[in-house]
Amino acid sequence: MLRRFLHNTAISAVAYGLAGVLGLFAVGLIAKSYGLAILGLIVLVRGFLPSGFLVLIDFGASEIATQAIARGRLGDWAPASEKISLLSLIAVVAGVASGIALWFAASSLALVFKVAPEHAKAFVSILRITALVLPIAFVGLLIEGALKGFEEYSWLRLTEVGSSALYVGSIYLAFWQNVAYEWIAYAYLGAMVAKYLVLALVIYIAARDTPLRFSSWTPASRRDVAYLCWLMFNNRIAGTLQLSIIPLMIGALYGPAEVGAFDLLTRLPRFLKTAMSPLYSAILPISAHLDEKTDIRRLQLLGRNGLVLPAAIIVPILVVIGLFSEEILKIWVGPQHADQWPWLAAALFVPAVSVMLGAGQTALMVRSDFLRINTRFLYLQVLTQYIITALTVAWLRERAFILGWAVSYVLFGPLIAWRMLSFMSLPNSLFWQQLGRQVLVAAILATMAAGYKMYATPTTLPGLFVVGLIACIAAWGLSITLILSRSDRAMVGKFARAMMQR
């Protein structure tokens, strides 16, 4: 069972990583072919999908559906049917209500976001098509959650990669045929609808041989769902303020071009933060399984391995990306945006901090006392982010939002680490020790990169890939030597063997 979980996690990471890479190619092609203003318009439209700020009103239906189906598979199908029925109603109501609101607000939003007159009609049309799609999108998220409960990860991976490939292919076709930008937005919505239609068929097949059926719900199920929805809503407020709503704020303040610039500079860090998270979720169960002694010892192993191992693998890669961020921008979106590389490099602090703390935070989420403290820190972090942004927005414009985002993570990282380690009865010096070693590795890599750039610099995608691969191998070599202890290296070996065995 453990090996199956690990293989599944690794394959999921690769699949969703591939989908994310396809998304990066799409952003680069849109920015090169249509310009930042058009990219910004597309980003603004996506902000009104459940993956944007409307995630607030899905009330965690997907996650709750996963829990309900998982418990149903243990034999508790009656409450599962009741909760899925209620969650379906919530998803439909949220989708229809938000769709109606967006349809009637479309023309006003074009004025709020300062859309150029030549693009306004198409922008309003895209928003109204999005309004029609919203009920499908909300129900689709619920279906995704249910399929996770049925452990149908292969279909989720296949449809995610397939829809991404379909979207990127449509962008290339639009570029070759020189069609208007709105067809790119329609292609994205069409690929999303196609994905959810396939998943709807899959969930029908998965559920028909089980007792799961639509049914009326009892007061107990209603109270349980309402409580969980309230918790998810509160948890998502901070996350929405932290990032999801920022493109809409930039659009209202400045316009679509600045939204495109912000999305361009934060797209790669956001992708890395999302795509790399399955790595530490896989390391945690294997470390606990191999070395479990007592509950206290197990928690300490989870905490230490979660802090050290993922960061040793991922942070050196982030350093390499930061050192070559100028070359990445030149090849990805063109030389006209390469002077913004310091902001791309600064945004990489966000996934770096996240990967150091994410595993430990996940392990402690079952502790209500830690969850309460962690939520308080999260709201203070968001407050700090907006204070920094407000103080610098007059000079930095959309880049002030990147500064506030990155600095808030750096400032609160040590505070969260201190509380996390104290809950695990681990010394606070562990975080600073690891941070010092990571800084040493980063300094050595920076020296190596500066020496290389004195003689050559990659100018093509294959060249950048080769140089980046060599730099990552060197970074991992330094990480193994300077960051990981002998027991850490042994743990990595055990983890690799568990992944390889069938």
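Reader: How many residues does helix 5 have, and how far does it reach from its first C-alpha to its last?
Author: In this predicted model, helix 5 runs over residues 117-149 and has 33 residues, and it reaches 47 Å from its first C-alpha to its last, which is close to the 48 Å expected at 1.5 Å a residue.

Reader: And where does the kink lie in helix 5?
Author: A kink of about 45° lies at Val 133, shortly before the proline Pro 135. Just after helix 5, Glu 151 takes a positive phi of about 60°.

Reader: Switching topic, at what angle do helix 17 and helix 18 pack?
Author: Helix 17 (residues 399-423) and helix 18 (residues 429-453) pack at an angle of about 135°, with their axes 9 Å apart, and that angle makes helix 17 oblique to helix 18.

Reader: Which residues make the contact?
Author: Helix 17 contributes Gly 413, Pro 414, Ala 417 and Leu 421, while helix 18 contributes Leu 430, Phe 431 and Trp 432. By class, the contact has 6 nonpolar residues, 1 polar residue and no charged residues.

Reader: What about rings, how many aromatic pairs are there?
Author: The count comes to 12 aromatic pairs. In one of them, Tyr 172 and Trp 176 have ring centres 5.9 Å apart and planes at 45°, so the pair is tilted.

Reader: Where do Tyr 172 and Trp 176 lie?
Author: Both lie in helix 6 (residues 153-177), 4 residues apart, which is about one turn of the helix.

Terms used
Residues are numbered from 1 along each chain as its sequence is written. This is a predicted model: local features need pLDDT of at least 70, side-chain atom pairs count only at pLDDT 80 or more; totals for chains, interfaces and linings use all residues. Side-chain values use heavy atoms; hydrogens and water are left out. Axes are lines fitted to C-alpha atoms, for helices over the stretch in contact, and angles run from 0 to 180 degrees between N-to-C directions. Helices (H or I, at least four residues) and strands (E, at least two) are DSSP runs, numbered from the N terminus. Angles under 35 degrees count as roughly parallel, over 145 as roughly antiparallel, 65 to 115 as roughly perpendicular and the rest as oblique. Contact means heavy atoms within 4.5 Å. Ala, Val, Leu, Ile, Met, Phe, Trp, Tyr, Cys and Pro count as nonpolar, Asp, Glu, Lys and Arg as charged, and the others, Gly among them, as polar. The expected span of a helix is 1.5 Å times one less than its number of residues. The bend at a residue is the angle between axes fitted to the seven residues ending there and the seven starting there. Rings of Phe, Tyr and Trp (its six-membered ring) pair if their centres lie within 6.5 Å; planes under 30 degrees apart count as stacked, over 60 as edge-to-face and the rest as tilted.
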